[in-house]
Each structure stands twice: as structure tokens, then as C-alpha cells.
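Me: I have some labels to check. Please set each one against its rule.

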Amino acid sequence: MRLFLAVMPGKEARKKLVTQQEEMRSLGYTGNYTARDNLHITMIFLGDATPDRIVDIDHAMNMACNMESFDASLGEIGFFERSGIIWTGVESPGLVLLHNRLSSAISSYGWPGEPKNFSPHITLLRKPNITVMPNIKTSPCPWLCDELVLMQSTRIGGELKYIPVSRCPISD
């Protein structure tokens, strides 16, 4: 199974992200749009794992999430030109702290740690038909981050689906 750790955007933030995607569509941008239910912040990509490793991942999640819940807010839209991804940034010192705690916790169970230059974002569109940044207005949209989710990435009927495997509250 292909796994990653994620924080999900709040309800209002998810609506705003979908609105940004609709605006890009109306401007003629094509590519692989992230499905509404798949919108997330990847905290750590774990890759392929056997089901027996989930216990270790859950332990690492519990270690890392022993902290206060925190706020996050949608930021500016950006474009990773090299990988061809349009994204919305997420502003939150708490996400950076959680990422660093997760990286340390997960490495104690034999997974490779993640680089320190974590840049929280939510992918809106892959492989767009553009080479310049779309001019889409953004405004902050805060939400409370109070849960970390272990997700499985799989294809069902040819469609990419992210399925929750386990959840861990962010609380001390």
C-alpha cells in the first residue's frame, strides 16, 4: 500500500480551494485537477509499505501529535514550474513544527526523515497547460488543525482516491 501522512483543510478552506480551481477552469487552464475529497497538505510521504507497518506509523503519529492543536490559513497561489504543479500555500508555524516532530518520530521507526525545508501547500492542478502563474485572487481562510491522517493512495475504477487508514488527534 502507498501511504502518506496528511492534514486536511477545514470545510471553508476546502470550499475556497474548489472555488480557486473553478476560476482556473473558467480561465481555460486544463490539466489534472485534484479532486475535492483529495485536497490535503502532505506532511510526509511514506511510499510503499506493508500493512504490518501501520502499527509503527500509528505510534510515530501519536508521538508527533502530542502538541497543541494550531491554526492554519490559506495563502498565495504558486507554481512549481519544474514539477508542473499549481498550488495554494498554507501559512502556519504549527504545520512546520508538526512536520519536524513527524520527521523525527517516523525516523525512529526506520523510515527516512524528511528535509527541513518543508513548504506547506495544497496541490490544485498537476500538468497544467500553462507556463506562467495564473492571476487568481486569494484571501486568508483560517481553520483549526486538530487531526493528522494516515492516507492510502490508490486507484479505484481508474480514479485516484486517498483513503484514510488511521487518524490521530493533535492535542497535548
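Reply: Start with a rule: two strands pair if DSSP finds at least two bridges between them. Keep in mind that this model is predicted.

Me: What makes strand S5 and S6 a pair?
Reply: The rule asks for at least two bridges. S5 (residues 85-91) and S6 are joined over five bridges, in the antiparallel sense.

Me: Why is the contact of Glu 12 with Lys 15 called a salt bridge?
Reply: The cut-off is 4 Å, from a side-chain nitrogen of Lys or Arg to a carboxyl oxygen of Asp or Glu. For Glu 12 and Lys 15 the closest N and O atoms are 3.4 Å apart. That is within 4 Å, so the name applies. Both residues sit in helix H1 (residues 11-26), three residues apart, so about one helical turn separates them.

Me: Why is Glu 12 called partly exposed?
Reply: Buried means under 20%, and exposed means over 50%. Glu 12 has a relative accessible area of 47%. This value falls in between, so Glu 12 is partly exposed. Lys 15, at 37%, is partly exposed too.

Me: What makes Asp 56 and Arg 53 a salt bridge?
Reply: Their N to O distance is 3.6 Å. The limit is 4 Å, so the pair qualifies. Asp 56 has 24% relative accessible area, so it is partly exposed. Arg 53 has 23% and gets the label partly exposed as well.

Me: Which parts of the chain does the salt bridge of Glu 147 and Arg 167 link?
Reply: First the distance: the closest N and O atoms are 3.0 Å apart. Glu 147 is in strand S8 (residues 147-156) and Arg 167 is in strand S9 (residues 159-169). They are 20 residues apart, and the pair links distant parts of the chain. The salt bridge count comes to four.

Me: How do you know whether Ser 103 is buried or exposed?
Reply: Ser 103 has a relative accessible area of 7%. Buried means under 20%, so Ser 103 is buried. Ser 103 lies in helix H3 (residues 93-107). Ser 103 touches Ile 44, Gly 113 and Glu 114, leaving out residues up to four places away in sequence.

Definitions and conventions
Residues are numbered from 1 along each chain as its sequence is written. This is a predicted model: local features need pLDDT of at least 70, side-chain atom pairs count only at pLDDT 80 or more; totals for chains, interfaces and linings use all residues. Side-chain values use heavy atoms; hydrogens and water are left out. Helices (H or I, at least four residues) and strands (E, at least two) are DSSP runs, numbered from the N terminus. Buried means under 20% relative accessible area, exposed over 50%, partly exposed in between (1.4 Å probe, protein chains only). Contact means heavy atoms within 4.5 Å.
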